[in-house]
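Subject: Structure for your review

Dear colleague,

Please find below the structure that I would like to hand over to you. My findings follow directly after it.

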Amino acid sequence: GTTALTDFADISFTTATITAMGALIYNDTNSDKAVAVLDFSSNKSSTSGTFTVQFPTADASNAIIRIA
């Protein structure tokens, strides 16, 4: 009945011109090994604006990484 989860802070890139279809979460303290690949399912863009990756609520039903 217990679910382990992790939370990530939303990240924003200001005054950015970006088009991305996904992102990579990696462990910066462990040889930059991949933890998860995010698929945005379509291109997301910003042109000289703010590009934000917003993570879901960190709870047992919605966290981006959950182990039950």
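I begin with the contacts along the protein chain: among those between residues at least 6 apart in sequence, 58% join residues at least 24 apart. Please bear in mind throughout that this is a predicted model.

Overall architecture

The protein chain contains four strands and zero helices, so that reading from the N terminus gives the order β-β-β-β. Its radius of gyration is 14 Å, whereas a compact globule of 68 residues would have a value near 11 Å. The C-alpha trace spans about 45 × 30 × 20 Å along its principal axes. Of the 68 residues, 16% count as buried. The chain exposes about 5000 Å², and carbon and sulfur atoms supply 49% of that area.

The nonpolar core

Eight residues form the largest nonpolar core: Ala20, Ile25, Ala36, Leu38, Phe40, Phe51, Val53 and Phe55. Two elements give two or more residues to this core, namely β2 (11–27) and β3. The most comes from β3, with five residues. One of the core members, Val53, touches Asp10, Ile11 and Phe40, leaving aside residues up to four places away in sequence.

The aromatic pair

The count of aromatic pairs comes to one. It is formed by Phe8 and Phe55, whose ring centres are 5.5 Å apart; because their planes stand at 35 degrees, the pair is tilted. Phe8 lies in the loop between β1 (4–6) and β2, while Phe55 lies in the loop between β3 and β4 (65–67), so the pair ties together parts that are 47 residues apart in sequence. As for accessibility, Phe8 counts as partly exposed because its relative accessibility is 24%. Phe55 is buried, with a relative accessible area of 15%, and Phe55 also belongs to the core described above.

Ser46

Ser46 is located in strand β3, which covers residues 33–53. With a relative accessibility of 9%, Ser46 counts as buried. Its side chain reaches the backbone oxygen of Ala16 at 2.9 Å. Not counting residues up to four places away in sequence, Ser46 touches Ala16, Thr17, Ile18 and Phe51.

Tyr26

Tyr26 is found in strand β2. Is Tyr26 buried or partly exposed? Tyr26 counts as partly exposed, because its relative accessibility is 44%, which falls between the 20% limit for buried residues and the 50% limit for exposed ones. When residues up to four places away in sequence are left out, Tyr26 touches Asp32, Lys33, Ala34 and Val35. Tyr26 and Gln54 are 28 residues apart in sequence, and their C-alpha atoms are 16 Å apart in space.

With kind regards

Notes:
Residues numbered from 1 in each chain as written. Predicted model: local features only at pLDDT ≥ 70, side-chain atom pairs only at ≥ 80, totals over all residues. Heavy atoms only, no water. Buried < 20%, exposed > 50% of the residue type's maximum accessible area, 1.4 Å probe, protein only. Polar contact = N/O pair within 3.5 Å; in protein donor to acceptor, adjacent residues only side chain to side chain. Contact = heavy atoms within 4.5 Å. Rg over C-alpha atoms; globule rule 2.2 N^0.38 Å. Areas by Shrake-Rupley, 256 points an atom, 1.4 Å probe, with all protein chains shown as cover. Core = buried A, V, L, I, M, F, W, Y, C linked by side-chain atoms within 4.5 Å. Phe/Tyr/Trp six-rings, centres within 6.5 Å; stacked < 30°, edge-to-face > 60°.
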